[in-house]
Amino acid sequence: MDVDAAWLPAEAFRAVGRRRSLVPAGGLVDTVRRELVDACERFGGRVVREDAELVFELTEGLGEEGFALTRRDGITTVTASDERGLLYGLFHVVRLGEEAFAGDRPREEHRPAYARRMLDHWDNVAVHPVMGQVERGYSGGSLFWADGRARGDWERVRAYGRLLAACGINAVTVNNVNVHETEARLLTDRIGDVAAIADVLRPYGIRTHLSVTFAAPVVLGGPPTADPLDGAVRDWWARATDAVYGAIADFGGYVVKADSEGRPGPFAYGRSHADGANMLAAALEPYGGTVHWRAFVYDHHQDWRDRGTDRARAAYDHFTPLDGRFAKNAVLQVKHGPMDFQVREPVSPLIGAMPRTRLAVELQVTQEYTGQQRHACWLGPMWSEVLGFRPDGEVSTGRLAHELVAVSNVGDDPFWTGHPLAQANLYTFGRLAWNPAADPRAILDEWIALTHPGADDRLTAGLHTVLDGSWSTYEKYTAPLGVGFMVQPGHHYGPGVDGYEYSPWGTYHFADRDGVGVDRSTGTGTGYAGQYATPWSGLYDSPATCPDDLLLFFHHVPYTHVLPSGKTVIQHIYDTHFEGVAEVEEARRVWTGLAGLVEPARHARVAERYEEQLRGAREWRDQINSYFLRKSGVPDERGRTIY
Ligand code: GCV
């Protein structure tokens, strides 16, 4: 297996591997023991029975997955109440390096904010004629599947599980939420393949979940209906689920995309989404499993002439009436924004509007609308803003929802993520899911230090410079003031200002000769702003108080509208597009200067991506600026070239 060590290079274990360590045996602790044995072989330490400098102990009181770290009298001790806690404690010590063994350390306790920290893989088991193998995947093929069955590259799956454990992820869904017929069979005929993957991930504290089609009974030779209130259908799911648990005793549960973008669902039977989710919850309940039911339900056959229908409203309108009707082991999985993982969206108003329902917030680590892993775009600051949002406007350190989920960005690429710098996104997601209050920039620095052990100040600063701010750079050249979807239809790469403007997908910007943006106000628009609680509803409702970066998401304003910066909207559009390209030029320059400090293959891959990013950014700038110059007739006040 020729695969990048990412944030777990052997060198990262030097401090641990030099010590005498004491660790109990059995179960998941064996994973800790194996890590220690490997590290000691490399760096001269030993796993001992007494007189240790690094001690791992099971004890009471730290809760699931939590751990404590102390250092006194020359002994560093990791305690936890379960084996997973010891595993997370080990990786914490690895992150600290020599610092974990210097002087005394007062006891510090660490507990995950979100009990489930899950990655959804949009992997098809075979190559799909339109979507390829990994839907919205930019890192090659699937690491789990090939030719309709488990790929069998267990070393790679094991390495993946290890990387995920080291950043705190504890659940993985192994197949695409768009469950085509071949994937549907994973539930029955091919459950052995899923079990084999689960066996490899389990030692890293990761539970395996499966996406299933709501129509499974019909597709897989059961009753001719999928009506969730039909007894035969419920029995079919109960039996299917018994068999799944027969194969995978700690199976996590099902993920379902229903009545969404053409997938089957309960609407066909006049049933509600609570009926649908609860049927699956009932089948999973005896085993402690969970159904993740996605809230991504909207009309994807909208008539663009219809100005009254607003896709942003859809999830709230569909689901809030069902609050309190979902089973305890049903989790409603809500995309973080109301549309679809755009560069900038407000936080979905559904989050906070269903107090009697378990919610998971879904983020997208794969960069579908944020550069497709050809452009560097580190999303830590975006996620940090999302996770820090409080629906009632209060400042709180609590959680935004019950669980956190993200769409994975890895594939069978030797660098895992296509763009080597996109590894930072995966790492950051895991770490924020553990502690959403963490400073994302500190997480970035942690990733830099682990991935490039021994990096000197120049390399560390260079890596930080090119990634910190890269989301803002991307936003500047692609999505001014909260406008989204100006992308090429279908594959979503590159500019297409009117690409979705006259389409059925409900994704419009309504640019005309006078202005641009979607009026979602309560007075004259779609009323979407009113789905928020105060203070957000009030703030978003008026262009005078709406935050700049969401202005065109909530309002249709004239090009001459003056922003708090003193600039007009049109001048802002021109300026940010020129700035965005200049920032990419600068990032490329910084990266070029790091040659010799990064391994040649990694440097070359990123350098090649910067060439493409710069080409792409110029194309975005020129298309968007020309489009708005032609629409508005307002010249750039600085007289730069616009075509
Ligand atoms: C898995 C968007 C993407 C689709 C994806 C869908 C979803 O529409 O473009 O590829 O399908 O979101 O989240 O279900």
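Predicted model: local features only at pLDDT ≥ 70, side-chain atom pairs only at ≥ 80, totals over all residues.
D153 sits in the loop between β11 and α4 (154–167). Residues are numbered from 1 along each chain as its sequence is written, and side-chain values use heavy atoms, with hydrogens and water left out.

Stay with D153. Its side chain makes a polar contact with the side chain of R156, at 3.0 Å. A polar contact is a pair of N or O atoms within 3.5 Å; within protein, one must be able to donate a hydrogen and the other to accept it, and residues adjacent in sequence count only if both atoms are side-chain atoms. D412 is 259 residues away in sequence, yet the two C-alpha atoms are separated by 9.8 Å.

Now the ligand. It is surrounded by 14 residues, and the closest are E135, K257, R294, K335 and E368. A residue counts as near if one of its heavy atoms lies within 4 Å of the molecule. The shell divides into eight charged, three polar and three nonpolar residues. Charged means Asp, Glu, Lys and Arg; nonpolar means Ala, Val, Leu, Ile, Met, Phe, Trp, Tyr, Cys and Pro; the others, Gly among them, are polar.

Individual side chains reach ligand oxygen atoms. A polar side-chain atom of R294 lies 2.7 Å from one. For E261 the distance from a polar side-chain atom to a ligand oxygen is 2.8 Å. An N or O atom in the R136 side chain is 2.8 Å from an oxygen of the ligand. The protein covers 96% of the 340 Å² of accessible area that the ligand has on its own. Such areas come from the Shrake-Rupley method with a 1.4 Å probe.

Next, the helices. The axes of α11 (residues 380–388) and α12 come within 10 Å and cross at roughly 20°. Axes are lines fitted to C-alpha atoms, for helices over the stretch in contact, and angles run from 0 to 180 degrees between N-to-C directions. α11 and α12 are therefore roughly parallel.

Helices α14 (residues 457–467) and α18 (residues 569–593) pack at about 155°, their axes 10 Å apart. So α14 is roughly antiparallel to α18.

Two backbone details remain. T534 and P535 are joined by a cis peptide bond, with omega about 5°. P535 lies in the loop between β19 (515–516) and α16 (536–541). D147 has a positive phi of about 50°, although it is not a glycine. D147 belongs to the loop between β10 (145–146) and β11 (149–150).

Definitions and conventions. Helix = DSSP H or I, 4+ residues; strand = E, 2+ residues; numbered from the N terminus. Parallel < 35°, antiparallel > 145°, perpendicular 65-115°, else oblique.
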